[in-house]
Amino acid sequence: MAAISTYLANEILNGNLPSGGTYLALHTEDPTAAGSGAEVSGGSYARSTIDTWGSISNGQVANDSSVAFADLPTCVVSHLSIWDASTAGNMLFYGALDDPISVTSGESLLFAVGDLTISII
């Protein structure tokens, strides 16, 4: 068998996305399933807390609070990942941006409510 039920997808998300306990990381290349791709570094970059997630439905969920990064270094952000710790830790989910974001030194980046969606099915 190769498919997952909606029930199980919802349970996986529910059990792995505690409010206030997940962190968004920015990457300049694919972090891969191992979490080894280049995470942004320099400037005042640090992973940003995802304070709350919305309601889980049909195997997907979106951020329910904005997520901000300030004073970034010059880079092109091509991928995002979600971790269980502000440094090191375990990568939970990752993916490519539809359109990479070019950032100039000192710029800020904001992901508004609903910008970050995780979909298992």
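## Ground rules

A residue counts as buried when its relative accessible area is under 20%, as exposed when it is over 50%, and as partly exposed in between (1.4 Å probe, protein chains only). At 3% relative accessibility, Phe69 is therefore buried.

This is a predicted model, in which local features need pLDDT of at least 70 and side-chain atom pairs count only at pLDDT 80 or more, while totals for chains, interfaces and linings use all residues. Residues are numbered from 1 along each chain as its sequence is written, and side-chain values use heavy atoms, with hydrogens and water left out.

## A chain of rings

Let's begin with the aromatic side chains. Two aromatic pairs are present; rings of Phe, Tyr and Trp (its six-membered ring) pair if their centres lie within 6.5 Å, and planes under 30 degrees apart count as stacked, over 60 as edge-to-face and the rest as tilted. Tyr45 and Phe69 are stacked, at 5.8 Å centre to centre with 10 degrees between the planes. Because Tyr45 sits in the loop between S1 and strand S2 (48-50) and Phe69 in strand S4, this pair ties together parts 24 residues apart in sequence. Helices (H or I, at least four residues) and strands (E, at least two) are DSSP runs, numbered from the N terminus.

Tyr45 is buried too, with a relative accessible area of 14%. Phe69 also forms an edge-to-face pair with Phe111, at 6.5 Å centre to centre and 85 degrees between the planes. Phe111 belongs to strand S7, so this pair with Phe69 of strand S4 ties together parts 42 residues apart in sequence.

## The nonpolar core

Which residues have the most contacts inside the largest nonpolar core? They are Leu24, Leu26, Phe69 and Phe111, in a core of 26 residues. Such a core is a set of buried Ala, Val, Leu, Ile, Met, Phe, Trp, Tyr and Cys residues joined through side-chain atoms within 4.5 Å. Strands S1 (22-27), S4 (67-69), S5 (75-83), S6 (91-103) and S7 each supply at least two of its residues, and the largest share, five residues, comes from S5.

Phe111 is buried, with a relative accessible area of 6%. Leaving aside neighbours within four places in sequence, its contacts (heavy atoms within 4.5 Å) include Leu24, Leu26, Phe69 and Leu80.

## Around Gly114

Gly114 is found in the loop between strand S7 (109-111) and strand S8 (117-119). Gly114 is partly exposed, with a relative accessible area of 37%. Beyond neighbours within four places in sequence, Gly114 is in contact with Ala62 and Asn63.
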